Amino acid sequence: MTTDWPYLTDRLRTDASFTTLICVASSFSLIPSEALQALSHSATVHTVHFQLMEMTDDDCGLLERFGLPVRTLRTLKVSRNRISAAGLSAIAKAALLPPASSLTNLDLSANPLGRYLAPLGSAVAQSQLRVLNLSSTQCAEGLTEMAHALRDAGSDRPCMLQTLFVQNNAIGDDVAAQLVAPLAAAGVCELFLGKNAIGDAGGMALAQGCAEVDGRGMLMSPLRKLSLINNSLGDAAASAFARALGASCPLLALNLSHNRIGDAGVNALATSVQQNARIAALDVSINAASKHATSALAALMTREAQSRRGHAQFQQAARHVLLANRFPHGGEGEVLLAKLPHILLLAILEFAKPGGFDMAHLTRAQGEPAPVQSPEPSTP
C-alpha cells in the first residue's frame with residue numbers, strides 16, 4: 001500500500017480538521033522524518049494507528065525522539081507489529097509519561113512483548129490511561145509483575161486504568177490467581193481473559209476475589225465486567241461464581257461461554273442470580289450444559305426478570321431503612337438514620353428507587369397514606 005506522505009505531512013501541518021491518522025499494512029521505516037515531526041506538532045490529531053507496519057523497537061525509539069501530540073492524542077494503536085518489551089520504554093516516554101499526556105487508550109496487541117512488563121505497569125500507573133490491550137502478546141509470565149507495578153506505582157495517586165485486555169496469552173490457573181489482588185488494588189474494573197488456559201482453580205480464585213470483603217464486611221473488588229470466554233472452566237468454577245453472585249458481588253457482566261460447564265454449574269448460577277439484582281449480563285452459551293438448564297438461566301436474565309429482582313431487593317432494603325428511622329435499636333448507623341426527618345428519607349428513597357418502582361408500596365407498608373398525585377391540568 002502506497003502512502004502519499006508529502007500530502008499527509010502538509011495536512012498534519014495545515015489542516016485543523018485532521019484528527020485521525022491511520023497507517024496500515026505499509027512499512028514504518030518508509031515514514032519520512034518530516035511527517036513524524038509534523039505529527040508531533042499537531043494540535044488536532046487525537047487518534048493514531050500504526051498497525052501491520054513491521055514496527056520494531058528501533059522504530060519506537062523514533063517515536064520517542066520526535067514525540068507525539070500528547071496534548072491531544074487520546075488513542076494510540078500499534079498492534080500487529082514486531083515490538084518487544086525493549087521498545088515499551090520508548091513508547092512510554094513518548095505517549096504515557098509526558099506531564100501533558102492525555103492518552104487514554106493504548107493498543108499493543110499482537111506484538112511479541114514477552115515477560116518484562118513491570119516498567120510498562122509503572123508507566124501506566126503514572127499516566128491517564130484507561131484502556132490497555134495486551135492480547136496476543138506472549139506476556140503470561142510478565143503479567144503478575146506488571147499487575148504489582150500497577151498497584152505499587154499508583155500508591156501515591158489513584159491508578160486511572162479501568163479496562164485490561166489480556167486475551168490469547170496462554171494464561172493458566174497460577175497466573176490468573178496471582179492477578180486477582182494486585183489488579184483489584186489498582187482499581188481495574190473490566191478484565192478480559194478470554195482464549196487462555198484457565199481451569200477450575202483459576203476460575204475459583206477469580207470468583208473468590210470478586211466476593212472478597214474487608215474487615216467491616218464491605219466488598220473490596222472493583223471488578224464490574226469479567227470475560228472468561230473460551231477457557232477450560234467446569235462446574236467447580238461456575239459454582240464458585242454462583243457463590244460470589246449470591247453474596248451480591250459487584251459484577252455487572254460475566255461471560256463464561258465456550259467452556260466446559262455442565263448442568264450442575266449452570267443450575268448453581270441460576271439459583272444465585274435470583275438473589276442478585278446487580279448482574280445484568282451472564283453468558284453461559286456453548287458449554288456442556290443441557291439446553292433446558294441454559295434456557296432456564298436465560299429466562300432469569302431477561303430485562304423483566306431483572307427488574308422484578310431489583311424492585312424486590314429495593315423494597316426490602318428501603319423498608320429496613322424506614323423502620324430503623326422510626327424505631328432505632330441503638331446501632332451507630334440506625335442512630336444516624338433516626339436523626340433524619342422521615343419525609344426527607346422518603347425523598348432520598350424516591351430519588352434512589354429503580355425505574356418503574358411505585359413508592360406507594362413502601363408508604364402503605366409503613367402505615368402511611370399513599371402520596372397524593374397532582375391532578376393533570378385540564379386542556380381547554
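Good morning, everyone. Keep in mind that this is a predicted model.

A quick reminder. Strands of a sheet pair through backbone hydrogen bonds, and the pairing is either parallel or antiparallel.

Now zoom in on one pair. Strand S8 covers residues 225-227, and strand S9 covers residues 253-255. They pair in the parallel sense, over three bridges. Take Ser 227: its bridge partner in S9 is Asn 255.

Next, the salt bridges. Side chains of opposite charge can pair when their charged atoms come close. This structure holds four salt bridges. I'll go through some of them.

Begin with Arg 11 and Asp 15. Their closest N and O atoms are 2.9 Å apart. Arg 11 has 23% relative accessibility, so it counts as partly exposed. Asp 15 has 24%, so Asp 15 is also partly exposed.

Then look at Glu 141 and Arg 115. Their side chains meet in a salt bridge at 3.4 Å, N to O. Where are the two residues? Glu 141 lies in helix H6, residues 140-153. Arg 115 lies in the loop between strand S4 (105-107) and helix H5 (118-125). So the pair ties together parts that are 26 residues apart in sequence. Glu 141 counts as exposed because its relative accessibility is 58%. Arg 115, at 41%, is partly exposed.

One more pair: Arg 151 and Asp 152. Their side chains meet in a salt bridge at 2.8 Å, N to O. Arg 151 is partly exposed, at 30% relative accessibility. Asp 152 is partly exposed too, at 42%.

Last stop: the surface. Which residues form a nonpolar patch there? They are Ile 343, Leu 344 and Ile 348. Together they have about 290 Å² of accessible area. Leu 344 lies in helix H14, which spans residues 342-352. With a relative accessible area of 39%, Leu 344 is partly exposed.

That's my tour. Thank you.

Terms used. Residues are numbered from 1 along each chain as its sequence is written. This is a predicted model: local features need pLDDT of at least 70, side-chain atom pairs count only at pLDDT 80 or more; totals for chains, interfaces and linings use all residues. Side-chain values use heavy atoms; hydrogens and water are left out. Patches are made of residues with over 30% relative accessible area and no salt bridge: like charges are joined within 9 Å, nonpolar side chains (Val, Leu, Ile, Met, Phe, Trp, Tyr) within 5 Å. Accessible areas come from the Shrake-Rupley method with a 1.4 Å probe; for residues, only the protein chains shown count as cover. Helices (H or I, at least four residues) and strands (E, at least two) are DSSP runs, numbered from the N terminus. Buried means under 20% relative accessible area, exposed over 50%, partly exposed in between (1.4 Å probe, protein chains only). Two strands pair if DSSP finds at least two bridges between them.
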